[in-house]
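Hi,

Here is the structure I promised to pass on. Have a look at it first, and then read on for my notes.

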Amino acid sequence: MQKINKNIDKVIKEIKKIYGNSSDIITRTINIKGNKVGFLFLESTSQTDAISDYIIKSAIYTEKSKNIFNNLFNILKNKLFNSQLLVTNDFEKFPYYLSSGFTILIVEGNDKAIVMETKANLDRGITESSSEPIIRGSKDSFTESHAKNLGLIRKRIKDPNLWFEEIKIGRRTKTKTTIAYINGIADNKKIMQIKKRLTKIDIDGILDSGNIRDYLTVQKSIFPQIKSSERPDMVCQELLNGKIIILVENSPFTLILPTVFLDFIRSPEDQNEKAINITFTRILRFFALIITILTPALYIAVATYDQNTIPDKLLISLAVQREGVPFPTFFEIILFMTIFEILRESDLKSPTNMSSAMSIVGALVLGQAAVDAALVSPITIIIVAITSICSLIFQDSDFINGIRFWRFLFITASSMLGAIGILSMTLIWITKMASLENLNTSFLAPLAPFNKNDNKDAIIKATIPNIYKRPKYLNVQNIIKQGGKK
Amino acid sequence: MKKIILIFICLILCGCENYAELNKLSIVTAAGIDKKDDKYEITLLIANSPKNETTSKEGEAKTTVYQSTGKSIAEAIKKIDKKTPKQLYFSHINVIVISEEIGKEGFFKVADWWIRHPQTRNKFYLIQVNQNKAGNVLKIVSPLESFPSQNIATLIESNKNSRSIGDTASYSNFISRVLKPGYEAIMPTIKINGNVKEGSKRENLETANPKTYLSLGPLAIYKKDKLIKTTTKKETDAIYILNNEAKELIYTINYKNNLLNIFSNSLKTKIKLKNKNEADIYIKMKGTIYETNGKIDLNNIKEIEKTWNKSLKKDLKKLIKNVQNKYQSDIFGFGNLIYKNYPQRWKQIKNNWNEKYFKKFKINIHSNAKITSTASLTKTLEKSD
């Protein structure tokens, strides 16, 4: 802690020095009833009209006294209602307050300062979620404002046991990071572990929740082990289940811990629609997952090694289509898979008014012309199309990229060994996923280790009145979710 | 890193052994076996050839037929392999057609190669051609199917219901019948109607009335693996009834000098052994009047049923008599029943069963044919005065 200098000119000089004479730092000294009073704020983060209208105006009417500090504090406290108002004597905190949009009032001859919140509204409003759009369910999503984000959760869960624990991460960014959980449900061990991992972080800056994700996992894996969501309803659902949420300032994406594999197959609207339909949809998503990982590999295996496994009409049709194609099947698939990935990446990165040009080039030039030029067989285009459509069913881009990685491994294996290659790669894949663990939770739970009760909301979904217990794999303190049954 | 390299080396060393690109294969979908002098003539139908003599419609798979002769099947096929630029691929053989000479000589002589070959699937249809060369059957193109082997296969499959030929025609069915004690085999036949040369040309597809086409013929009776005789249409129907294999049947009877067609879609045949030398056959049949061509009093159904039963019995008795005395081949499996019920007796007679004891075997037919409805018309068409 560094004491505040009693000479306000020296304080102003020092602040300006710390900020390197940045253009947005505003300092003003005015004389109030014979006392020299200094105002410090950053033009870029504060509401300047509020400062002049309320703070300076109120300060002028302070009663005359020898040391005006206490009077000044009282009058501001009584006249300004809607701001944070506090007294500090720590000079080291000045830059944090200034950068956060506070106004600092210093009075000549005092080693204390009055700090008032005059934050400018730099956030966009609450908008609809763009990365996780749903049809049936609430439309709001998290924003960059930390307080608003917490509010969106608090608004939904009014229980005071919903606890927010704040940790500041980043030497320079001092990013507020909040661990949110419901006390009495969430597993204390997991909370302790998360806190331990977060406090260990010693980095210059954290700008998004994605930056701290890798600090929270132990094992390496291509599949993401932490799901992120920008939907408050989803987050609250998980909080009620006993999961722990991490919110990072300036990031609309929250982290949900611990995450299991099936979380990526679930969708936020699953709780809002009829259970039987959701069961079918989930089975469909599961099929899509298998299709998107296996289809190209299966095609290669069938076309180059195990021709005898498919019906004759199909085989002949495939053989006739491949007539005149100069590349081996494996190369053909790899080539078009790569082209599709490039297309997807460029579509994501390009502005919307350019994407129509992209789709024309992608669909017409690559699709039709390549077939006409006998560069690829039509079946390859179909395979690549099915594969990519099925992969886009999932919302988490990390998950999609994880699938992509394994798809290429499967393709390689099947191009070397055919169906046996696919079989052995499947074993490797399942082994690898089953060995993943984070925060004492197996990645494949509740499928492996199997739990009958937890499978009421795994792939098959029971109706909400029939789910009495919280998932056991989360090791929650209170497992009863709803009353009515012992 | 070392582990990854090791795994990679393992994959490369043991992989790629049976690697084959699809467009480097000649997919064989049908084979014909003929006898030419003392050599075998093999005809192979290759389904995915870009250019050839017997082409089908544009845009669909085009087929080629290759022929070669050799002292053995393997030799002939080796010769064909030299003719084709691509590797022959046998796993998708649909149909094997054999000629009458091969049937007379015994199918087992030529069967070995097709079973022993690692690629073949033993799930093909086996069919015998009537009064023609087996190779010619594969050359006939059909306007309704994309290639000849498919044509034969669908011909067999679509007749599965009416004549249950699908079961009979499969290769495994034939083999199991031959190998069962006291059972003899039957094989469906196929016929070429019209000129073979015209049938293999593209023009055959373009006419509305194709001059050359294939049709299923009556059954051929085998003894062991050798052809005895090709039956008639009527006998074929009777064989299906006795084998409990017919699911749909149109039976024509002569009723008071008028022809009456009865359509039967429910048929059950049970064979029960009475004693060592006698068996009962119970036939339950239900039918509806299908067509009449004259004035028939349809109210008197009892009498129609009587006539039907009578004619049914007559036909079956005639067939059984023929099979017992002329063909001397137990295609109904009475011997198998004796083998199951009186194994001691079967040991004594099995060597002379077909020639000596089958003749003396007494068979009683109990038929119970019923007419359930007269379909949409209750009377015959006539002008009432």
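A:Ile244 has A:Leu257 as its bridge partner in strand E10 of chain A. That pair belongs to a set of 3 bridges that join strand E9 of chain A to E10(A), residues 254-257, with the two strands running antiparallel. Before I go further, please keep in mind that this is a predicted model.

The hairpin of E9(A) and E10(A) has 5 residues between its strands, and A:Asn250 takes a positive phi there, near 70 degrees. E9(A) also pairs with strand E7 of chain A (residues 175-182), again in the antiparallel sense, over 4 bridges. On that side, A:Ile179 stands opposite A:Ile246.

Is E9(A) covered on one face or on both faces? On both: A:Ile244, A:Ile246 and A:Val248 are buried on one side, and A:Ile245 and A:Leu247 are buried on the other. In other words, 5 of the 5 residues in this strand (244-248) are buried.

Stepping back, chain A is divided into domain 1 (8-117), domain 2 (146-266) and domain 3 (275-438). The C-alpha centres of domain 1 and domain 3 of chain A are 63 Å apart.

Now for chain B. Its secondary structure comes to 16 helices and 13 strands, and its C-alpha trace spans about 90 × 65 × 55 Å along the principal axes. Of the 385 residues in chain B, 38% are buried. If you take contacts between residues at least 6 apart in the sequence of chain B, 71% of them join residues at least 24 apart.

Chain B has two parts in the domain assignment: domain 1 (25-230) and domain 2 (233-373). Their centres, taken over C-alpha atoms, are separated by 31 Å. Where they touch, domain 1 of chain B puts in 19 residues and domain 2 of chain B puts in 23. On the domain 1 side, helices H7 (160-163) and H8 (165-169) and strands E8 (213-223) and E9 (226-230) of chain B each supply at least two residues. E8(B) gives the most to that side, with 5 residues.

One of the pairings puts B:Ile253 with B:Leu260 in E11(B).

Last, how do the chains meet? There, 23 residues of chain B are in contact with 18 residues of chain A. The elements of chain B that give two or more residues to its side are helix H1 (2-14) and strand E1 (25-36), and E1(B) gives the most, with 3 residues. That side of chain B has 12 nonpolar, 9 polar and 2 charged residues.

Cheers

Methods: Residues numbered from 1 in each chain as written. Chains lettered and ligands numbered in written order. Predicted model: local features only at pLDDT ≥ 70, side-chain atom pairs only at ≥ 80, totals over all residues. Contact = placed C-beta atoms within 7 Å. Nonpolar A, V, L, I, M, F, W, Y, C, P; charged D, E, K, R; others polar. Domains from an automatic or database assignment. Buried ≥ 20, exposed ≤ 12 C-beta atoms within 10 Å, placed from the backbone. Pairing = 2+ DSSP bridges.
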